[in-house]
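Biologist: Hello! I would like to learn how to read the features of a protein model. Could you walk me through one, step by step?

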Protein chains: 2
Amino acid sequence: MELLEQMIREKGRVLPGDILRVDSFLNHQIDPNLYDAMGRAWKQLFADSGVTKLLTVEASGIGIAAVAALHFGCPAVFAKKSRSSNVPGDVWSAKVHSYTRDTDFTVTVAKAYLTPADRILLIDDFLANGEALMGLKSLADQAGATVVGAGIAIEKAYQPGGERVRAAGIRVESLARIASMGADGSITFC
Amino acid sequence: MELLEQMIREKGRVLPGDILRVDSFLNHQIDPNLYDAMGRAWKQLFADSGVTKLLTVEASGIGIAAVAALHFGCPAVFAKKSRSSNVPGDVWSAKVHSYTRDTDFTVTVAKAYLTPADRILLIDDFLANGEALMGLKSLADQAGATVVGAGIAIEKAYQPGGERVRAAGIRVESLARIASMGADGSITFC
């Protein structure tokens, strides 16, 4: 998506450790017009998928999914993150590894909010290793719901997540796909 | 707001420990039409306040603020929560006590995203003891920004937060104000 690529080019910052900082518009400060355009774009891409629910994970995904839900006219659900692996019986849970923090955490969603009738679009701000997305897919699978795809803002296409998630049968639509980031701060899109 | 009160009446659940569970539409599963109506209501209430930025705290506030930001035509910023009191130098921070979890946490926001020119509307899903709201006010104060008010979804008006925050000079607009919750699950609005 041109708008997102342009904002990444103009406002994104490449930091040591393969970090792309986009917190001035995507995941700390929120540009609502960007979110709106992203929601509209995913709605066009998944117009024929019969989406009944958006599923994301806290924290950065929540605002993106809430605005996208306006376009889809369906609810959004955000999975909660916890350091504890003890979960109550009324939630689905999955373990997710964070490469950024080098730690595991548990994502949970109340069983009441994912049903076998649901056709779920996964939503997240970043796709890198695919851990979060595979965790969300696991929650949907446990509920017997159908995953129709994933709407991603920024995919680091040089990392293995995209291939991994697509190999799992998920249609991934990333609005900006980064081919490489240079030590000089340069960003090349696919 | 009639829509919110109606949803609380129909879908809210009163649980032991003064808990009002509204996670089927407000803070786990998200009803985007409700969020949209809430954003519109706050925009009407604060139409003349010259709001330049919405400020909330993760996680439940993020989606609400993102959708409201569409109505205000300004960015939203979400403060991050951390268990650690060690914060880097480029953030404002405030300590917030959680009565629900009986623990302290630190809320932080990057200094870059709150400026003395900002006229800030605080946004949150609940107002009970006022701890989160006072923490957000502290972040805005540290930045030299002006707090024009607080847009709250549900205020537990029988708890001290509303009085405390109003006594601090903040105009609070709560879309549903709960006067009491009974052990039988009944909910009475102000």
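Biologist: Let me begin with charges: which side chain meets that of A:Glu173 in a salt bridge?

Modeller: Here is the general idea: side chains of opposite charge can pair when their charged atoms come close. A salt bridge is counted when a side-chain nitrogen of Lys or Arg is within 4 Å of a carboxyl oxygen of Asp or Glu. In this case the partner of A:Glu173 is A:Arg171, at 3.0 Å from N to O. With a relative accessible area of 34%, A:Arg171 is partly exposed.

Biologist: Before we go on, what kind of model is this, and how are its parts numbered?

Modeller: It is a predicted model: local features need pLDDT of at least 70, side-chain atom pairs count only at pLDDT 80 or more, and totals for chains, interfaces and linings use all residues. Residues are numbered from 1 along each chain as its sequence is written, chains are lettered from A and ligands numbered from 1 in the order in which they are written, and side-chain values use heavy atoms, leaving out hydrogens and water.

Biologist: Is A:Glu155 buried or exposed?

Modeller: Buried means under 20% relative accessible area, exposed means over 50%, and partly exposed is in between (1.4 Å probe, protein chains only). A:Glu155 is buried at 1%, while A:Arg166 is partly exposed at 31%.

Biologist: Which residue forms a salt bridge with B:Glu131?

Modeller: That is B:Arg164, at 2.9 Å from N to O. B:Glu131 lies in helix α4 and B:Arg164 in helix α5 of chain B, so the pair ties together parts that are 33 residues apart in sequence. B:Glu131 counts as buried at 17%, and B:Arg164 is partly exposed at 35%. Salt bridges can also share partners: A:Glu155, A:Arg166 and A:Arg177 are joined into one network that way.

Biologist: What about phi at A:Asp18?

Modeller: A:Asp18 is not a glycine, yet its phi is positive, about 60°. This residue is in the loop between β1 and β2 of chain A and is partly exposed, at 29%. B:Asp102 also has a positive phi, about 50°, and it is exposed at 62%.

Biologist: Finally, where is B:Ala143, and which residues is it in contact with?

Modeller: B:Ala143 is in the loop between α4 and β9 of chain B, and it is buried at 9%. Contact means heavy atoms within 4.5 Å. Leaving aside neighbours within four places in sequence, B:Ala143 is in contact with B:Trp92, B:Leu114, B:Thr115 and B:Pro116.

How values were computed: Helices (H or I, at least four residues) and strands (E, at least two) are DSSP runs, numbered from the N terminus.
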